[in-house]
Amino acid sequence: MARQLRFTGTDSKVDGCPALHTDESTGEIIVQGTPVTDPEDLMQLRHFGAGEAAVAVPRELLVNWGPKEMDRVPELVDRATFRRLFETFQHTAWRLETRRGYASDREDPDFRAFLATGSAPCDPDEPWFVTIKAQTAAGKKVGRVRVADKPMTTEQRFLLDYARHNAAVGEDIRYLWREDASELPAEDFWIFDSRLVALLHFDGADNITDIELITEPAEVVRYAMVRDAAMHHAVPFDRFAATA
């Protein structure tokens, strides 16, 4: 079915800028521009999916004529796209964990072993450990702050014990008590390179339902401020464990 396009603004003959059109049925913005085809240029582009193309447009086209609606449309991604972020980030990946438990942990055989023995094993060849070890060995930073309750839930005690395995591949794992986390939002998210946030949505049974990517600069800055506040108050997992 053909798109129903509405001319949005600019005229290349008059303004020296390409044109914008809006798809009336989907709200998508169609940008006129010069295709980027140089292989070396394309190699530098990140987060492009199969079948996507790049075009170059003047900055003033988006500044002066881009849509200014305040309602943000959530960008949801699948698990495979989310996992690739841990392979493509350039400098830092950091997470805030605020829930009292996660369904994925309860389904983990290592969790069942922890319940039986009080100690959580791990397989160092698991994809997560292999990926993070490679990234930290390359000089990149990976870390997280976990909020814990008094008394700690079983899932939180499992993760605290498991933190030694995360630290072994270079993760910086820190903790703070919930009573000391009042200025932090009750959200779980990863922030990559201080430019992209992956906000994790959960259902009542602690299952991840959606993964939302946020790139709007003001929102990313807000999450970066949360990260800074959490890191200011949190302590390394081993020191926390000694007093928990």
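Guide: Happy to! One term before we start: helices (H or I, at least four residues) and strands (E, at least two) are DSSP runs, numbered from the N terminus. Also keep in mind that this is a predicted model.

Visitor: Good to know. How many helices and strands are there in the protein?

Guide: There are 10 helices and 13 strands. Of the 244 residues, 37% are buried. The protein exposes about 14600 Å², and carbon and sulfur atoms supply 53% of that area.

Visitor: What order do the strands of the open sheet come in?

Guide: The sheet has 8 strands in the order S6-S12-S11-S10-S7-S8-S9-S13, with mixed pairing. Its edge strands are S6 (75-77) and S13 (235-236), each pairing on one side only.

Visitor: How does S13 pair with S9?

Guide: S13 and strand S9 (residues 172-177) pair in the antiparallel sense, over 2 bridges. Tyr175 has Val235 in S13 as its bridge partner.

Visitor: Which strands does helix H9 lie across?

Guide: Helix H9 (residues 217-233) lies across S7 (92-97), S8 (141-148), S9, S10 (188-192), S11 (196-202), S12 (208-214) and S13. Relative to S10, the helix runs at about 105 degrees.

Visitor: Let's stay with S10. Is it enclosed or open, and why?

Guide: S10 is largely enclosed by the rest of the structure, because 5 of its 5 residues are buried.

Visitor: And which way do the side chains of S10 point?

Guide: Asp188, Trp190 and Phe192 point one way, while Phe189 and Ile191 point the other way. In a regular strand the side chains alternate between the two faces of the sheet.

Visitor: Which residue stands opposite Phe192?

Guide: That would be Ala93. S7 and S10 run antiparallel and are joined by 4 bridges. S10 also runs antiparallel to S11, with 5 bridges joining them, and Val197 in S11 is the bridge partner of Ile191.

Visitor: What is going on in the hairpin of S10 and S11?

Guide: The hairpin has 3 residues between the strands, and Asp193 takes a positive phi near 55 degrees there. Ser194, in the loop between S10 and S11, also has a positive phi, near 55 degrees. Most residues other than glycine have a negative phi, and most peptide bonds are trans.

Visitor: Does Ser194 count as buried, partly exposed or exposed?

Guide: Ser194 counts as partly exposed, because its relative accessibility is 39% and that class covers the range between under 20% for buried and over 50% for exposed.

Visitor: What about Asp206, is it buried or exposed?

Guide: Asp206 is buried, because its relative accessible area is 17% and buried means under 20%. Asp206 sits in the loop between S11 and S12 and has a positive phi of about 70 degrees although it is not a glycine.

Visitor: New topic, peptide bonds. Which residues does the cis one join?

Guide: Lys150 and Pro151 are joined by a cis peptide bond, with omega about -5 degrees. Pro151 lies in the loop between S8 and helix H8 (154-168).

Visitor: Last one: which residues form the nonpolar patch on the surface?

Guide: Ile29, Val31 and Val55 form that patch, with about 190 Å² of accessible area together. Val31 belongs to strand S3 (residues 29-31), and at 32% relative accessible area Val31 is partly exposed.

Methods: Residues are numbered from 1 along each chain as its sequence is written. This is a predicted model: local features need pLDDT of at least 70, side-chain atom pairs count only at pLDDT 80 or more; totals for chains, interfaces and linings use all residues. Side-chain values use heavy atoms; hydrogens and water are left out. Patches are made of residues with over 30% relative accessible area and no salt bridge: like charges are joined within 9 Å, nonpolar side chains (Val, Leu, Ile, Met, Phe, Trp, Tyr) within 5 Å. Accessible areas come from the Shrake-Rupley method with a 1.4 Å probe; for residues, only the protein chains shown count as cover. A salt bridge is a side-chain nitrogen of Lys or Arg within 4 Å of a carboxyl oxygen of Asp or Glu. Buried means under 20% relative accessible area, exposed over 50%, partly exposed in between (1.4 Å probe, protein chains only). Two strands pair if DSSP finds at least two bridges between them. Contact means heavy atoms within 4.5 Å. Axes are lines fitted to C-alpha atoms, for helices over the stretch in contact, and angles run from 0 to 180 degrees between N-to-C directions.
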